[in-house]
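Student: I would like to learn how to read a structural model feature by feature. Please give the general idea, then the case at hand.

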Amino acid sequence: MRPRTYQIITYGCQMNASDSELMAGILEARGLSPVREEAEADVLLVNTCIVRDSAEQRAQGRIARLKGLKTGRPDRIIGVCGCMAQRDAEAIFDQYPHVDLVLGTRAIPSLSAMLDHVLNGESRVACVEEIPGSVGRMDKSDGSDEPDGSDNLQAPTFSIRNPQSAIRNPQSSALSPQHSALPSHSSALSTQHSALCSQSSLLSSHSSALSTQHSALSSHSSALSTQHSLAVPVRRSALRALVPIMMGCNNWCSYCIVPTVRGREESRRAGAILDEIRALVQCGCREVTLVGQNVNSYRDGETDFAGLLERVNAVDGLLRVRYITSHPRDANDRHLDAVAALPKVCDHFHLPAQSGSTPVLARMNRGYTREDYLGLVRRVRQRLPEATITTDLIVGFPGETGADYEQTLDLVREVRFDSAFTFLYNVREGTRAAEWEDDVPLTVKKERLARLIEIQERISLEQNQALAGKTLEILVEGPARRAEQKGGRGQCVGRTTGDKCVVYDGSPSDTGRLVRTRIVEGATHTLFGERIQQDPRPNENISSLPCLPERVESRGDSTRVKNSGPG
Ligand code: SF4
């Protein structure tokens with residue numbers, strides 16, 4: 001039976017959310033429709049995260065539970081994608097015999113071809129890129145394990161693993177960057193097509209390895225071209241869109257598995273990014289979030305991240321620009337000046353500190369000290385005193401003493417973050433820190449985390465209470481959920497430029513508009529306000545983007561980035 005319906009279950013950060021949007025586009029280009037219930041899906045994909053143990057365990061549990069659905073309907077196709085797929089392709093087949101396909105982090109454009117192989121009777125097919133540097137990391141003379149980046153542009157090679165059959169070349173699209181996926185439904189996006197095609201050519205021109213692979217796959221290339229001209233990422237929201245600007249990371253933080261499973265940094269062409277954003281705006285999008293593991297190291301020729309912000313800010317019709325994630329070491333003055341000067345770029349800085357202790361930061365291989373971080377915060381506040389500053393923090397890193405931990409609490413008190421994502425350290429196999437003793441007992445980690453959360457929540461509440469009486473502009477997202485309302489007050493919800501949630505007495509017709517609100521009360525995670533004035537601009541094209549009824553287990557909404565991932 002040809003599959004007609006699909007569901008994608010997504011765990012993890014903004015990059016996974018963005019990948020799921022692209023996979024949804026590929027499936028819909030094949031004529032599949034999204035469904036809310038797993039039992040109704042002919043194709044079920046689990047997009048996994050292994051950055052933290054808790055996310056990995058949730059994904060493993062979900063994959064295991066899908067066995068029952070496969071038993072009831074053997075023709076149902078079950079796939080595993082994302083970081084776990086990249087790391088554990090063959091182990092997944094061993095552990096979960098009901099899984100039909102495995103797709104690595106850079107193999108998403110092969111999804112359609114992989115489905116064809118399963119539909120043609122093959123079982124257990126995998127397409128996983130061999131990521132340069134993921135094995136045998138370089139040890140630098142300074143003792144860090146940070147690669148020098150000299151092979152940043154090495155062409156990927158794909159390993160097609162199929163332990164059950166002879167299939168080796170399931171129309172791998174190594175030559176097609178993931179975001180060559182293009183719209184079938186909008187002529188407005190046609191310019192994006194040509195821009196992305198040229199990106200694909202560029203990638204293929206500098207790699208003899210790819211050329212060889214290209215020859216081997218030439219019989220499939222026209223099919224691939226057709227396939228990739230028929231897919232566009234399916235966004236969950238008509239108003240907001242995640243737009244990937246780069247893949248991978250070169251930083252090799254000692255606790256982080258991302259460089260191993262997502263590879264080295266590769267920036268997308270600025271022209272392709274801008275074409276995609278212009279097309280989104282024509283379809284009603286009001287806010288874009290530029291996503292990458294380390295957006296500050298974006299570069300396309302002369303265009304650095306600040307230059308990209310300038311160009312995105314100039315897109316007509318776009319109201320707001322966000323980005324995530326910034327690395328504190330790379331957030332330079334050009335970046336800060338751009339945020340201060342560009343009216344559409346939101347004054348929200350998510351700067352993952354991870355620790356307040358310089359010795360711990362050194363062991364984490366973060367590339368900055370406590371003093372550097374505090375200096376960065378000062379430079380932000382000199383330019384934008386009202387800016388929102390949020391962070392990620394890890395407690396219980398190997399060797400973290402009580403004094404180190406107190407330094408983290410002091411940092412939190414000194415910076416007064418608006419909010420923080422806080423985590424217990426847990427070992428990630430394949431990282432440098434996994435070689436060290438995990439010497440902080442779990443009970444101590446939990447105590448440290450609880451105290452950190454208590455302090456941060458109090459500061460978040462005080463920060464929000466201090467906004468009472470202020471006038472803040474929000475981009476209205478639509479009706480508020482019952483849980484967001486307070487005492488029956490507040491029908492609509494929107495976000496400030498600082499990414500604070502404001503519930504106010506509005507009308508659903510405000511959706512997609514900028515509305516000025518006066519804040520009447522601040523709670524820990526929400527502001528309550530009243531409407532002052534509405535943006536007079538017409539509310540057009542709001543619902544013309546396709547929306548994805550996708551479950552995002554660990555974050556809630558794939559287009560509202562609630563966590564920067566590993567940071
Ligand atoms: S924590 Fe962030 S910057 Fe560090 S290696 Fe992981 S993704 Fe890269």
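This is a predicted model: local features need pLDDT of at least 70, side-chain atom pairs count only at pLDDT 80 or more; totals for chains, interfaces and linings use all residues.

Student: How many helices and strands does the chain have?

Tutor: Helices (H or I, at least four residues) and strands (E, at least two) are DSSP runs, numbered from the N terminus. The chain has 16 helices and 23 strands.

Student: What share of the residues is buried?

Tutor: A residue is buried if 20 or more other C-beta atoms lie within 10 Å of its own, exposed if 12 or fewer, and partly exposed in between, with C-beta atoms placed from the backbone. By that count, 51% of the 567 residues are buried.

Student: How should I read strand β3, residues 43-48?

Tutor: In a regular strand the side chains alternate between the two faces of the sheet. Here V43, L45 and N47 lie on one side and L44, V46 and T48 on the other, and all are buried. Six of the six residues of β3 are buried, so the strand is largely enclosed by the rest of the structure.

Student: Which strand pairs with β3 over five bridges?

Tutor: Two strands pair if DSSP finds at least two bridges between them. Strand β1 (residues 5-10) pairs with β3 in the parallel sense over five bridges, and I8 has L45 as its bridge partner. Strand β4 (residues 77-81) also pairs with β3 in the parallel sense, over five bridges; there L44 stands opposite I78.

Student: At what angle do α15 and α16 pack?

Tutor: Axes are lines fitted to C-alpha atoms, for helices over the stretch in contact, and angles run from 0 to 180 degrees between N-to-C directions. Helix α15 (residues 402-415) and helix α16 (residues 442-465) pack at about 10°, with axes 10 Å apart.

Student: Which residues make the contact?

Tutor: Two residues are in contact if their C-beta atoms, placed from the backbone, lie within 7 Å. From α15 come Y405, T408, L409, V412 and R413, and from α16 come R448, L452, I455, Q456 and I459.

Student: Which residues touch the most other members of the largest nonpolar core?

Tutor: A nonpolar core is a set of buried Ala, Val, Leu, Ile, Met, Phe, Trp, Tyr and Cys residues joined through C-beta atoms within 7 Å. In the largest, of 117 residues, they are M23, V102 and L103. Helix α1 (residues 14-29) gives this core its largest share, eight residues. Neighbours within four places in sequence aside, M23 is in contact with I8, L45, C81, I108 and L111. A second, separate core of 15 residues includes L467, A480, V502 and L527.

Technical notes. Residues are numbered from 1 along each chain as its sequence is written.
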